[in-house]
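Visitor: I am new to this structure and would like a short tour. Please show it to me before I ask anything.

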Amino acid sequence: MRESGILMPVSSLPGPYGIGCFGKEAFKFVDFLAAAGQNIWQLLPLSPTGYGDSPYQSCSAFAGNPYFIDLETLAEEGLLTPAQLRAESWGKNPLQVDYGTLYTSRYKVLRAAYAAWLAQCRNVNGCAYYFPDEYYAFAFANEEWLEDYALYMALKVKNGMKNWVEWDRPYRLRDPKALAQFAKENAQEIGFWKFVQYKFAVQWQKVKHYANEKGVQILGDIPIYVSADSVDAWTGGELFELDSEGGFARVAGCPPDYFSAEGQLWGNPLYDWAYHKKTGYAWWIRRVRHALGIYDLLRIDHFRGFDTYWAIPADSATAKTGKWEIGPRMELFDALEKALGRLPIIAEDLGELFPSVRQLLADSTFPGMKVLQFAFGGGDNEYLPHNHIKNCVVYPGTHDNTTLTDWWEKRASPAEKATAAAYLHLTASCQPTPREVAAVKTAAARTRLLRAALGSPADRAIIPLYDWLGLGAEAHLNTPGKLGGNWAWRAAAGFGTAKLAETIRQECAVYCRTPAKAE
């Protein structure tokens, strides 16, 4: 079955409290997707944002982002008042996430909600707490990661949110007595971090259930690596490459490529794949099992790193000093499938692809990705639609690309625009002159590019919402290598009109990507 979907981060939904969340706008967006005949809602990682406000640099590979908790739902539960919500600043621009302001205001309100929840759960004598059965069920089902996460976050708060490598030695090295004493003295702080994960999980599952009932699958996203400043790195130890002092020996990144002439120094710790193999890839099985409880489909970022990965000395100032190392390859995916069954995974197979990477993709049978903004650089490019295969997912651009409007107006080279104009029949000539190319209207180019994606042989086509809206550089989600100003775009209230939904449905129906509209 040919399918289509829309890429829309939760953070980009409109709403009154500084960032998109699991409130009314999330349910309205599901209704919009259904009206538009879409089968898939693709998200960015739902994990807490970290360095550079990135969801790919999270403090936990398992936790959810507390920012996505709907505050109005908490108010309906009697945990917040309208006055508390009005008292906080949520940022000056409703079309941009102000992460600095959000960090202060959001946690202040969530802590107030936690205090009210504790009061609700206190017994009549005020000397014990009786939490809902739903909370105990959540805590039991997630105790493998929740206990460490809550302790880690409480320790971060105690240490002024510093990276764990800067903590006092007993906490840094996880001395059992020191941690037990800290936990005893900070039980309510630890409880707060469990509370926000509980509320995140309950609210998200309601959104996901609603989407599934409407025929919409959730396509989630997990980064291949964990952040250096994370509970996973703090507790992981043998999971990662360590030096003689217990620090990270080498870190992740990628060599110079389309996005950066200097390469990218991500700084994530690298996995000790030999150790993972000894454990039967137990940590990865646990991670993917958890992710598949949150999402229906799973995109794994930087898939090529499972074949060969770029290893950079930890003390290096540039990604150029790295070298290629061999990853776990099919051993990992065989172990995952043996434990979890057939995996609904999409492989982000972009970047420099060696023959061995292509072989891994073929052996895994996972669909890879085709990006139209990469298609017009010359020659019989593999990203040109006539070269696509059925078992892939086509995108006009990913979250790392700019919007189609901005690409056409400012980013595409004259040669790329000429190739695209000829390929998409935007000009009468198959070899258009610069003047002919310059005469092509942006809206016409964007429409043809969208139709090229929808008309691809690919089983799935995913279009970012901002491309359906025709937005420019203001909606560019992430510029790799740029620190600050990323992940901030939010859609304007009321974007999901019936007219736009019908336009999307009709465009997708032409290419057999949507069910017939019910009469």
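Guide: Here follow some questions and answers about helices, salt bridges, a nonpolar core and backbone angles. This is a predicted model, in which local features need pLDDT of at least 70 and side-chain atom pairs count only at pLDDT 80 or more, while totals for chains, interfaces and linings use all residues. Residues are numbered from 1 along each chain as its sequence is written, and side-chain values use heavy atoms, with hydrogens and water left out.

Visitor: At roughly what angle do the axes of α4 and α9 cross?

Guide: Helices are DSSP runs of H or I with at least four residues, strands are runs of E with at least two, and both are numbered from the N terminus. Axes are lines fitted to C-alpha atoms, for helices over the stretch in contact, and angles run from 0 to 180 degrees between N-to-C directions. Angles of 65 to 115 degrees count as roughly perpendicular, under 35 as roughly parallel, over 145 as roughly antiparallel and the rest as oblique, and α4 and α9 are therefore roughly perpendicular. The axes of α4 (residues 99-121) and α9 (residues 187-213) come within 10 Å and cross at roughly 100°.

Visitor: How many residues of the contact of α4 with α9 are nonpolar?

Guide: Contact means heavy atoms within 4.5 Å; among the residues that meet are Y107, L110 and W117 in α4, and F192, W193 and V196 in α9. Ala, Val, Leu, Ile, Met, Phe, Trp, Tyr, Cys and Pro count as nonpolar, Asp, Glu, Lys and Arg as charged, and the others, Gly among them, as polar. The contact of α4 with α9 has two charged residues, two polar ones and, as nonpolar, eleven.

Visitor: Is K208 buried or exposed?

Guide: Buried means under 20% relative accessible area, exposed over 50%, and partly exposed in between (1.4 Å probe, protein chains only). K208 lies in helix α9 and touches I218, I294, Y295 and D296, not counting residues up to four places away in sequence. With a relative accessible area of 10%, K208 is buried.

Visitor: How many residues apart in sequence are the parts that K390 and D459 tie together?

Guide: A salt bridge is a side-chain nitrogen of Lys or Arg within 4 Å of a carboxyl oxygen of Asp or Glu, and K390 forms one with D459, the closest N and O atoms being 2.9 Å apart. K390 lies in the loop between β10 (368-371) and β11 (392-395), and D459 in the loop between α18 (442-455) and β12 (460-464), so the parts tied together are 69 residues apart.

Visitor: Which residues do salt bridges that share partners join into one network?

Guide: By the salt-bridge rule, the count comes to 24. One of these pairs is R250 with E241, at 2.9 Å from N to O. Salt bridges with shared partners make one network of E241, R250, K323 and E325.

Visitor: Which residues touch the most other members of the largest nonpolar core?

Guide: A nonpolar core is a set of buried Ala, Val, Leu, Ile, Met, Phe, Trp, Tyr and Cys residues joined through side-chain atoms within 4.5 Å. The largest one has 159 residues, and those touching the most other members are M8, W41, W284 and F306.

Visitor: What is the phi of Y281?

Guide: Most residues other than glycine have a negative phi. Y281, in the loop between α11 (273-278) and α12 (282-294), is buried at 5% relative accessible area. Although Y281 is not a glycine, its phi is positive, at about 60°.
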